[in-house]
Amino acid sequence: MDFMECVKTRRSIRKFKEEDVAFESIQKAVEAAVYAPSWKNTQITRYYAVSNKDMKDKIAGYLPSINQVAAQSAPVLMVVSVVKYRSGYNREGKCDTPKGTGWQMFDCGLSSMLFCLKANELGLGTVIMGYFDEDAIAKDLEIPDTEEVSAIIALGYPDEEPVMPKRKGTDIILKQI
Ligand SMILES: Cc1cc2nc3c(=O)[nH]c(=O)nc-3n(C[C@H](O)[C@H](O)[C@H](O)COP(=O)(O)O)c2cc1C
């Protein structure tokens with residue numbers, strides 16, 4: 001798939017088919033994410049692929065009603081976390097910039113974007129979800145407290161074809177100085 005086609009055809013998918021996703025496909029999407037740039041190449045993003053039905057139901061239970069259709073129908077919930085206090089920090093553990101912990105979310109976003117694009121190329125749908133009970137998820141998945149849950153990505157074969165939400169033009173988001 002051509003790059004711009006992949007970028008333009010990726011949609012947030014909120015309804016998935018029952019079909020399972022092969023672990024090899026998940027691995028391929030994470031392999032793409034590995035190539036994301038990161039603060040001093042710290043590579044802090046981690047992925048927990050939850051496909052076990054009982055655990056997936058538990059995780060879905062920590063999401064609000066607006067995300068229930070996506071969370072319940074997706075055969076896989078990718079819990080995305082970051083290793084804390086590395087991105088944006090120096091060896092002495094001090095912030096190198098005024099952005100504090102902001103760079104860790106930046107790095108996680110870059111990684112997640114590549115994950116979603118590769119998934120799209122593989123015919124898989126994704127939706128990044130930002131509302132959830134972080135502590136409950138970390139506890140159930142035994143995510144170490146050196147990490148912080150950043151996002152949940154529902155993953156599966158799309159059972160809908162959403163129209164692309166309108167995009168702003170470069171006349172608005174780009175200024176030539
Ligand atoms: C950080 C972040 C959090 C999001 N959280 C949610 C969410 O909780 N539920 C949801 O349905 N979509 C969520 N989305 C998806 C956006 O609504 C979606 O990307 C946007 O409407 C553009 O649509 P598109 O992804 O199809 O281009 C989130 C996206 C991002 C990047």
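## Basis of the description

Residue numbers start from 1 in each chain and follow the sequence as it is written. Because the model is predicted, local features need pLDDT of at least 70 and side-chain atom pairs count only at pLDDT 80 or more, while totals for chains, interfaces and linings use all residues.

Helices (H or I, at least four residues) and strands (E, at least two) are DSSP runs, numbered from the N terminus.

## The sheet

Four strands form an open sheet in the order β1-β2-β4-β3, with antiparallel pairing; two strands are said to pair if DSSP finds at least two bridges between them. The edges are taken by β1 (45-50) and β3, each with a single partner strand, so one side of each has no neighbour in the sheet. From one strand to the next, the twist averages 25°. Axes here are lines fitted to C-alpha atoms, for helices over the stretch in contact, and angles run from 0 to 180 degrees between N-to-C directions.

The antiparallel strands β2 and β4 are joined by eight bridges. Across this pairing, Val76 stands opposite Leu155, Ser81 stands opposite Val149, and Val83 has Glu147 as its bridge partner. Six bridges link β1 with β2 in the antiparallel sense, and Tyr47 stands opposite Val80 of β2. Between β3 and β4 there are five bridges, again antiparallel. In that pairing Gly125 lies opposite Gly156 of β4, and the bridge partner of Thr126 in β4 is Leu155.

## Helices on the sheet and burial of the strands

Helix α3 touches β1 and β2, and its direction makes about 65° with that of β2. Helix α5 touches β1, β2, β3 and β4, and its direction makes about 15° with that of β4. Contact requires that the C-beta atoms of two residues, placed from the backbone, lie within 7 Å.

A residue is buried if 20 or more other C-beta atoms lie within 10 Å of its own, exposed if 12 or fewer, and partly exposed in between, with C-beta atoms placed from the backbone. Strand β2 is mostly covered, with seven of its eight residues buried. In β4, seven of the 10 residues are buried, so this strand is largely enclosed by the rest of the structure. Four of the five residues of β3 are buried, so β3 is likewise largely enclosed by the rest of the structure.

## The nonpolar core

A nonpolar core is a set of buried Ala, Val, Leu, Ile, Met, Phe, Trp, Tyr and Cys residues joined through C-beta atoms within 7 Å. The largest such core has 35 residues, and those with the most contacts inside it are Leu77, Val79, Ile152, Ala154 and Leu155. At least two residues of this core come from each of α2 (23-33), α3 (53-60), α4 (68-73), β2 (76-83), α5 (102-121), β3 (125-129) and β4 (147-156). The largest share, six residues, is supplied by β2.

Leaving aside residues up to four places away in sequence, Val79 touches Tyr48, Val50, Ile59, Ile137, Leu141, Val149 and Ile152.

## The ligand shell

Around the ligand are Arg11, Ser12, Arg14, Asn67, Val127, Ile128, Met129, Gly130, Tyr131 and Pro165. A residue is near a molecule or strand if its C-beta atom, placed from the backbone, lies within 6 Å of it.

The shell divides into five nonpolar, three polar and two charged residues. Ala, Val, Leu, Ile, Met, Phe, Trp, Tyr, Cys and Pro count as nonpolar, Asp, Glu, Lys and Arg as charged, and the others, Gly among them, as polar.

## Loop residues with positive phi

Asn41 lies in the loop between α2 and β1. Its phi is near 55°, a positive value in a residue other than glycine. Asn41 is exposed, with 6 other C-beta atoms within 10 Å.

Glu142 is placed in the loop between α6 (134-140) and β4. Although Glu142 is not a glycine, its phi is positive, at about 55°. Glu142 is exposed, with 7 other C-beta atoms within 10 Å.
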